[in-house]
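Please keep the sequence and the three-dimensional view at hand while reading.

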Amino acid sequence: MGEFTLFEMLRIPTYDNEDYATTGRVTIDLEKCNGCGLCAKVCPGKALYVAGEGKDRKAHMHADFPQCMSCNDCAAICERDAIFVSVPYFFPFFFKTQGKGEFSPPRKF
Amino acid sequence: MDDELSTELREMDDELDEMLEGEDLAPPQGDDWNPVEKVILERRSVRKYKDKQVPESVVRRILEAGRFAPSAGNCQPWKFIVVRDPELIDEMERDARRMCRLFRFFMDWRTSPLGYWIPWLLAQTYIRLLHHELHPIPMGAVFAISEGNLSLFHGAPTVVFILEDFRGVSKPKVDIGCCGQNMVLAAHSMGLGTCWVGTIKLLTFTPKWRRRLGVKFPYKFCEAVTIGYPVGHPDGMIPRETVETDWYEDGRKRTTF
């Protein structure tokens, strides 16, 4: 991640540019998913949708710039542990992430 | 009366002392989470609620937890407004949506009828002045609200507005945060779901809701918390990024994650 340069401090990215901004990404285990749609209901960015009929009814993430802020609400509500965030959101320049490590569940010390 | 109360308090204090006597409060290494830690670690923002209203006694209990939050100089710079009328909540949602549309008219260079450059310049100017409010994440929320994909209060039956006393000591906004977090944790410990709604800022650009809810000097809108029974079981432990922490100890520095 590193330090900020003056250019980075002054450069504020725009919201729509997919070349710069990386939204969060979820990984969905399609074998475990039963298409109940709870994750799509609670997603604050409405980045998930449920598609398919019968046994093929599964949750998917919008392919085109999903507004995922890697909050993991979908992982918390899923009763089958079929979904989790694998990529955190990242905006470059002024809004870049600093001082954060890997994803980790609550640890006992 | 006073005597009775003080005797009662002393008795409670004695009982507590007896309970803790001879016990080391620090848990052994690797011990399981205690109930308070569990509530803190499992709390998730809830954005889908059941239609069922929360009983008044429970809301009163939650407000009581907020009342005992720490504040700078014990100034307690808060006041609460509880809104439980679905019509009132709906009207707020409509107004927020209207405000989002207005916002997009001036700021969203992709869809604005003003063309590309005027909204782009406005956005670039205001994002430098209000980089918290115009961060890409709340902007995404504003776009979603204006399109009707996201609602302001997520269909919650009860909304608690936390008003900030303008004259609070030091940093009143931090005290509001403590107060709200107390309420949120208390609510989750009772099986309720909550969500912080900072987007109520959208309602404060016009005097309408200030007048309607009687918000006068020295109070102003700060935050809102929605309370309701969640759909499904959203509370649970999830992975989250670790935080870089510097330790200065024994004359040297080390960093942990």
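This is a predicted model: local features need pLDDT of at least 70, side-chain atom pairs count only at pLDDT 80 or more; totals for chains, interfaces and linings use all residues.

**Chain A as a whole**

- Chain A contains 3 helices and 5 strands, and read from the N terminus its elements follow the order α-β-α-β-β-α-β-β.
- Along the principal axes, the C-alpha atoms of chain A fill a box of roughly 55 × 40 × 20 Å.
- Chain A has 109 residues, of which 42% count as buried.
- Among the contacts in chain A between residues at least 6 apart in sequence, 64% join residues at least 24 apart.

- Strand 1 of chain A, residues 25–28, has a covered face formed by Val26(A) and Ile28(A), while Arg25(A) and Thr27(A) form its uncovered face.
- Strand 1 of chain A pairs with strand 4 of chain A, residues 83–87, in the antiparallel sense over 4 bridges.
- Within this pairing, Val26(A) stands opposite Val85(A) of strand 4.

- Asn72(A) is located in the loop between strand 3 (58–61) and helix 3 of chain A.
- Asn72(A) counts as buried because its relative accessibility is 0%, and the cut-off for a buried residue is under 20%.
- Apart from neighbours within four places in sequence, Asn72(A) is in contact with Phe84(A), Val85(A) and Phe103(A), and also with Arg44(B), Ile238(B) and Pro239(B). The contacts of this residue therefore include residues of both chain A and chain B, taking contact to mean heavy atoms within 4.5 Å.

**The interface of chain A and chain B**

- The size of an interface is often given as the accessible area lost when the parts come together.
- Chain A and chain B bury about 3,600 Å² between them, with 65% of this area on carbon and sulfur atoms.
- Tyr15(A), Pro106(A) and Lys108(A) supply 20% of the area that chain A buries against chain B, more than any other three residues.
- The contact draws 36 residues from chain A and 39 residues from chain B.
- There are 3 salt bridges across the interface. Lys108(A) forms a salt bridge with Asp32(B), with the closest N and O atoms 3.1 Å apart.
- On the side of chain A that touches chain B, the elements giving two or more residues are helix 2 (38–42), helix 3 (73–77) and strand 5 (100–104) of chain A. Strand 5 gives the most, with 5 residues.
- The residues on this side of chain A divide into 21 nonpolar, 6 polar and 9 charged.
- Strand 5 of chain A is joined by 3 bridges to strand 5 of chain B, residues 240–243, and the two strands run antiparallel. Phe103(A) has Glu241(B) as its bridge partner.

**A buried threonine in chain B**

- Thr158(B) lies in strand 2 of chain B, and it counts as buried because its relative accessibility is 0%, where the cut-off is under 20%.
- The side chains of Thr158(B) and Gln53(B) are joined by a polar contact of 2.7 Å.
- Beyond its neighbours within four places in sequence, Thr158(B) is in contact with several residues, including Val54(B), Val82(B), Val225(B) and Ile227(B).

**Backbone features in the loops of chain B**

- The peptide bond from Phe217(B) to Pro218(B) is cis, with omega near 5°. Pro218(B) lies in the loop between helix 8 (208–212) and strand 4 (219–228) of chain B.
- Asn74(B) is not a glycine, yet it has a positive phi of about 50°. Asn74(B) is placed in the loop between helix 3 (56–67) and strand 1 (78–83) of chain B, and it is exposed, with a relative accessible area of 56%.
- Ser170(B) is another residue other than glycine with a positive phi, near 60°. Ser170(B) lies in the loop between strand 2 (158–165) and helix 7 (172–189) of chain B, and at 57% relative accessibility it counts as exposed.

How values were computed:
Residues are numbered from 1 along each chain as its sequence is written. Chains are lettered from A and ligands numbered from 1 in the order in which they are written. Side-chain values use heavy atoms; hydrogens and water are left out. Buried area is the accessible area (1.4 Å probe) that two parts lose on being put together, summed over both. A salt bridge is a side-chain nitrogen of Lys or Arg within 4 Å of a carboxyl oxygen of Asp or Glu. Ala, Val, Leu, Ile, Met, Phe, Trp, Tyr, Cys and Pro count as nonpolar, Asp, Glu, Lys and Arg as charged, and the others, Gly among them, as polar. Two strands pair if DSSP finds at least two bridges between them. Buried means under 20% relative accessible area, exposed over 50%, partly exposed in between (1.4 Å probe, protein chains only). A polar contact is a pair of N or O atoms within 3.5 Å; within protein, one must be able to donate a hydrogen and the other to accept it, and residues adjacent in sequence count only if both atoms are side-chain atoms.
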